Amino acid sequence: MSNEARPAGVKRRDFLKVLGASSAAVATVGCSSEKVGNLVPYLVHPDDTIAGVSNYYATTCRECAASCGLIAETRDGRVIKLEGNPEHPINRGALCARGQSALQGLYNPDRFRGPMVKENGAWKAIDWNAALTLVGQRLGQARTGGAAANGVFLNQHESGSFPAFLDAWLAGFGMGPHLSVDFEADSAAMEANRAAYGAAWPRLSFKDARLIVSFGADFLEGWGASVPQQLDFADARAKLEGAPRFVYVGPRRSLTGLNADQWIACRPGTELAIANALAGKGSIADAARTSGVAEATLTRLQQELGAAKPALVLAGARGPDALELGQAVAALNATTGAVGTTIRPAEAMPAFEGVARTADVLALVERMRASQVPIAFVRGVNPAYALPAGARFAEAFAKVPFKVSFSLYPDETTELCDLVLPDLHALESWGDADAGRATISMQQPAMDPVFAGTRATADVLIQLAQKDPAVASRYTQKEYRDWLISRFPGGESAFTAALQKGVATGTVAARTAPAAAPAAPARIAPAIDSTRGDYFLVTYFSPTLGDGRGANKPWLQELPDPVSKVLWSSWVEIHPETAAKLGVDRGDIVEVTGPGGTVRAPAYLYLGIRHDTIALAIGQGHGSVAKLDQFEPKHTAAGVIQWGYGRYARGLGARAHDLIAPVTDRAGALALVSTRASVRKTGDSEILVSTEGSARQHGRGIAQAVTVTQLGGLRPAGATDGAAAPAPEAQGAGAAAGEDPNAEGHEEIPGEPSGAFLPGLRSPVAADAQGELGSPTADDQGKNKGMYAPNHWSGMTNRRWAMTIDLARCTGCSACVTACYAENNIPTVGAPWQNATVWADAKAGFNITRSREMNWLRIERYFEGAEQGQFTEDFEARFTPMLCQHCGNAPCEPVCPVYATYHAPDGLNVQVYNRCVGTRYCSNNCPYKVRYFNWFGYGEPDRKQYAFPEPLNWQLNPDVTVRQKGVMEKCSFCVQRIREAETRAKVEGREVAPDEFTTACSQACPSRAIVFGDAADPQWTVAKQVGDRRAYHVFEELNTFTAVVYLKKVNHPGPAAPAGA
Amino acid sequence: MTQRRKWTAIPGVLLLVIGAVVLSAYSGASTSQGNQPTQPINFPHPLHAGAVKDGGLGLNCLYCHNTANQSNDVGMPAVATCMGCHTIVGAARPEIQKLAKYSAEKRPVPWVRIHKVPEYVHFPHVRHINAGVTCQTCHGQVQKMAQVYQYASLNMGWCVNCHVNGYDPKEGQKAAGYDNVPPAGYSGGVPYGTPGSSAGIATSATPPGMTPPRDTSAPSAAPAGSAGGLAVTPSAQRRRARYDCAVCHY
């Protein structure tokens, strides 16, 4: 043997040595205990906190002007979740997606860590004392030079005490009042409202209306205060038979437009002609000719408007004649009995008073260009981004000798400044807001500052004043908080008491209006020139990103636009027929040229836009002056400031507002719909980053609807002829047959009778295989059936967690989606660097184009009508929140080879992450496609795909596992909230009370469309709703016996539905 | 066997062995049971929590770990809690001076963590403590450990053992190392020890929903020598808890 020739190479002995050593190494690595850290105690235990138990602070949302009330949930000193404050008069507990995302502003990894100064074009850190001295010197110079009065302070519009405080501070330094800027504000509507009702934003009471007509007023999006408006609108729709019909007039169906019962597709800029004709000023025939709308449609609307009193007519079209439209609509409202009923000036929202007009900002830019401005302060405003390129802001701003930014983020305007004094986030600072109806909304820090180097601007202003002998005497308080208390009705004790509720009775000291009335806007948009360009151009503020403010928050980037379902990019909306004419297909890059410039973006073929119109959303297209490479976690040095509004915003999409000239309507708001543009096909193409699978239901009955006339014919589930709806207990097995016309041949499925112990849901829950059927001996009285036995000692089978979603209420706003991200540690997967390492293509949304999206709860949007893609006003959109249906008979469960997904006895379909080996069979077998796979290590900090770079990971919910690469995940029905409620009940020695808690989506929903609870206990609201006459299950025919019950949408066709319009 | 075949067989077998080792390492069967790291301060549990007759102070565990019955997290005492006594008591001892140094420098003591379940396991202390499970059932008789070590394996099988077979409060008392024997008829729920003499705690009366098991005939399957060395008692007296996956894994 030893004489045989051996193959050359490794000798046997060496081979075994190596083998032994390596296996020992593997064994050592494998067996070593998990990396165990330290247990770090408090130095002094804070009062009122228990480690691991949340504390809740009431504060105020500052993401838009509306100032909703917040409850910030903090765990061990960090805010982990924002919810609406139920005690707050504005949002009554609800919160929109932008409000939820405030957390990602707080924990944004691109926030400034401390003050910085620009020296010779390069930024360097500076300490606060030196920075304040520098500002003090510059302020002193301006004052002694007599030029201080020309100094400017641009502040993000907010209500409350701060505007008055700021004006007083500016006056101390010889400067005029500040400009309170909100580029999104519809100044035309406000000015018209003020003239007609004496308030900029009266409360709109949708549920008192019998007819709602909106001329481009997107009240479910950025137009005004979307959350309270949506709450009221959903309440109105929930009246079903008595609900108002909603007619939307405009060239493009926005999210609000898609919620309308009827769309009147007028030519852009012709809303005024229609409004006038409806009011009897001018003939219907002329208006029809001008607007391109059928005369019969307008006549019918006029008749309807005459009959339906009170109506609610809203004007929000942003054309050149927006102000005139607002005035015309106010006149219409006066005749339809709206004032005092549907429009309530007495309950006006003061949060919208005092907004500066964009025209004022443009006038200021011209003063800067003329070198008249010696010093400029910018806080929370980003004019370098938000003003159209035609305003040439950067060039004018450069002529200001000293520019200070209080911004938290490296945005475009800050990059042009000379000094950054980073402000605290609203969740870290003191303040207040005017909630209207004699209510003060309190703003308090929910946590210590994330970055010790940042300071509240209000405190900085006080410190500046105290350094200046001429002003110091005015400020006796050391901090803004003390200043607030000194002016608070009732003093410190009342202040402290008010913080607990978040609201207090009283009014904040209003800002004294600037003495001089604002000058007339300098550049009024001319009427749309119909000879120029090929198509009317509609630009609009993105419902999710607003005026671009939201772009640095990955939750908002990852939130599909409610209308187009496009994310992480820009798109051009073109009607399919127009696109066919241009030879453009979905995803083809088109070049749009307007008077302001040219942008390139992929085409999105959209039914809800006129032939002669194209539309683009404002909000993307952030960029920096500095040449910066795309952020790459492995190669970008820490400390490189991510100019261009941060790593998540820079370089995505296009600046749509660059297409328009910096012209305004007569009320001074940017005229967004004021021009025509030409469209050219470039020949390039890309896969549109979109979560829209198919816009059609293909007869699957996912989103079901009835007309209001059919409503009376619906029978509650399980009802016998002529009988009233039975008590939920009576609805058990086979109840589904009451509604399903195909149920004639409905077979008795094995185990079905056991549904009787799970009352409440219409569908029988198949008594699980492990229960009735799985037991080897059927007569062992459940002994071996484990927890699935109906009378198991644990009582788990007594509960059946379930959810109802009322599609008559749902507007598709997507607040629930972001709430779900926040609650369940869902990673965002669309950032450019989150693709596979082997793919060089670093395009944002890459994972999503390869169907690797990750959203436990998504809003599916389906179109009904216009099947051939032909233009028609008569098509319908249906929104369906789609999440794990927690099937009683789940297709995903039997296919899992490792039992990683199984059915809990309380009705949850559970995913056990540590068992999952990633075969993805479950996802393949799921008819609802609600299971999502971790293709990369989104939850693993050392991978480039990590979705929570420090300090974004501070937000992670400690009650929910952060999933690792290679496991499947999906909606858990917020099982951590269930467990928390159970624990609380157990500690208090009681059972979980009906409606004691709810899921994150249901809590946030500004339409109150989602109800969660125990369907087996008739005391829960959900148990009452599952038997509703409108209830149905998606894919009922698959016998999945879902725990999510949808209530059909209710449509309100017109008095005589337009035949083939 | 030819040389060639042998050369493929040996590595093949070895590969299988390695594979088994690797798989077992990641299967959760691994444990850091017995892990006894050196702590930044040599804190003597016997002195604080040990019974009075053994020379301890007989402090209740909850005196320092005061959120165990209120929260999922057990909580570590704040440095100020230690200094509450040790500003005066034993201030001259070297270990106390270490503590005083941390306190003076306003630095928290970086205790080395011993007991840890993986991130995907949600272990609520509050549920267990309020159900009458004594601390020592899982942590061992810390009041007698000169230096704390990991007593139980904390493996899933160890958890499930108790959830399936049930837990007898008397066993918990026994595991706690009490010197007095539970009175006849005692079924758990409230502490019976003299205050100050027992380190373990058991607070609530029979918690709602925690009904005794129906089947009294089923043989108790608690394996002898299972974690904690629990003696097998008749299953009628055992309390059982839910044990489906989603109770802890979500």
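At what angle do the axes of helix α4 and helix α17 of chain A cross? Let's find out, keeping in mind that this is a predicted model.

## Two helices that cross

Helix α4 of chain A covers residues 128–144, and helix α17 of chain A covers residues 457–467. Their axes cross at roughly 65° and come within 10 Å. The crossing of α4(A) and α17(A) is right-handed.

On the α4(A) side they are A:L132, A:V135 and A:G136, and on the α17(A) side A:Q463, A:L464 and A:K467. Sorted by class, this contact has three nonpolar residues, two polar ones and one charged one.

## Another partner for α17

Helix α17(A) also packs with helix α5 of chain A, residues 162–172. Here the axes are 11 Å apart and the angle is about 25°. Angles under 35 degrees count as roughly parallel, so α5(A) is roughly parallel to α17(A). The crossing of this pair is left-handed.

From α5(A), the contact uses A:F162, A:F165, A:W169 and A:G172; from α17(A), it uses A:A458, A:L461 and A:A465. By class, the contact between α5(A) and α17(A) has six nonpolar residues, one polar residue and no charged residues.

## The chain as a whole

Now step back and look at chain A. Its secondary structure comes to 29 helices and 38 strands. Chain A has 1061 residues, and 58% of them count as buried. Among the contacts in chain A with a separation of 6 or more, 73% are between residues 24 or more positions apart.

## Looking inside

The largest nonpolar core has 314 residues. Those with the most contacts inside this core are A:L312, A:V329, A:V572, A:C816 and A:C820. A second, separate core has nine residues, including B:A68, B:V126, B:A131 and B:Y167.

Take A:C820 as an example from the largest core. Leaving aside neighbours within four places in sequence, A:C820 is in contact with A:I826, A:W856, A:L857, A:A1000 and A:C1001.

## A residue in a loop

Finally, look for A:A510, in the loop between strands β20 (503–505) and β21 (535–541) of chain A. Is A:A510 buried or partly exposed? A:A510 counts as partly exposed, because 15 C-beta neighbours lie inside 10 Å, while a buried residue would have 20 or more.

A:A510 also shows how a chain can fold back on itself in sequence terms: A:D434 is 76 residues away along the sequence, yet the two C-alpha atoms are 9.1 Å apart in space.

Note on methods: Residues are numbered from 1 along each chain as its sequence is written. Chains are lettered from A and ligands numbered from 1 in the order in which they are written. This is a predicted model: local features need pLDDT of at least 70, side-chain atom pairs count only at pLDDT 80 or more; totals for chains, interfaces and linings use all residues. A nonpolar core is a set of buried Ala, Val, Leu, Ile, Met, Phe, Trp, Tyr and Cys residues joined through C-beta atoms within 7 Å. A residue is buried if 20 or more other C-beta atoms lie within 10 Å of its own, exposed if 12 or fewer, and partly exposed in between; C-beta atoms are placed from the backbone. Two residues are in contact if their C-beta atoms, placed from the backbone, lie within 7 Å. Helices (H or I, at least four residues) and strands (E, at least two) are DSSP runs, numbered from the N terminus. Axes are lines fitted to C-alpha atoms, for helices over the stretch in contact, and angles run from 0 to 180 degrees between N-to-C directions. A crossing is left-handed if the near helix is turned anticlockwise from the far one by less than a right angle, and right-handed if clockwise. Ala, Val, Leu, Ile, Met, Phe, Trp, Tyr, Cys and Pro count as nonpolar, Asp, Glu, Lys and Arg as charged, and the others, Gly among them, as polar. Angles under 35 degrees count as roughly parallel, over 145 as roughly antiparallel, 65 to 115 as roughly perpendicular and the rest as oblique.
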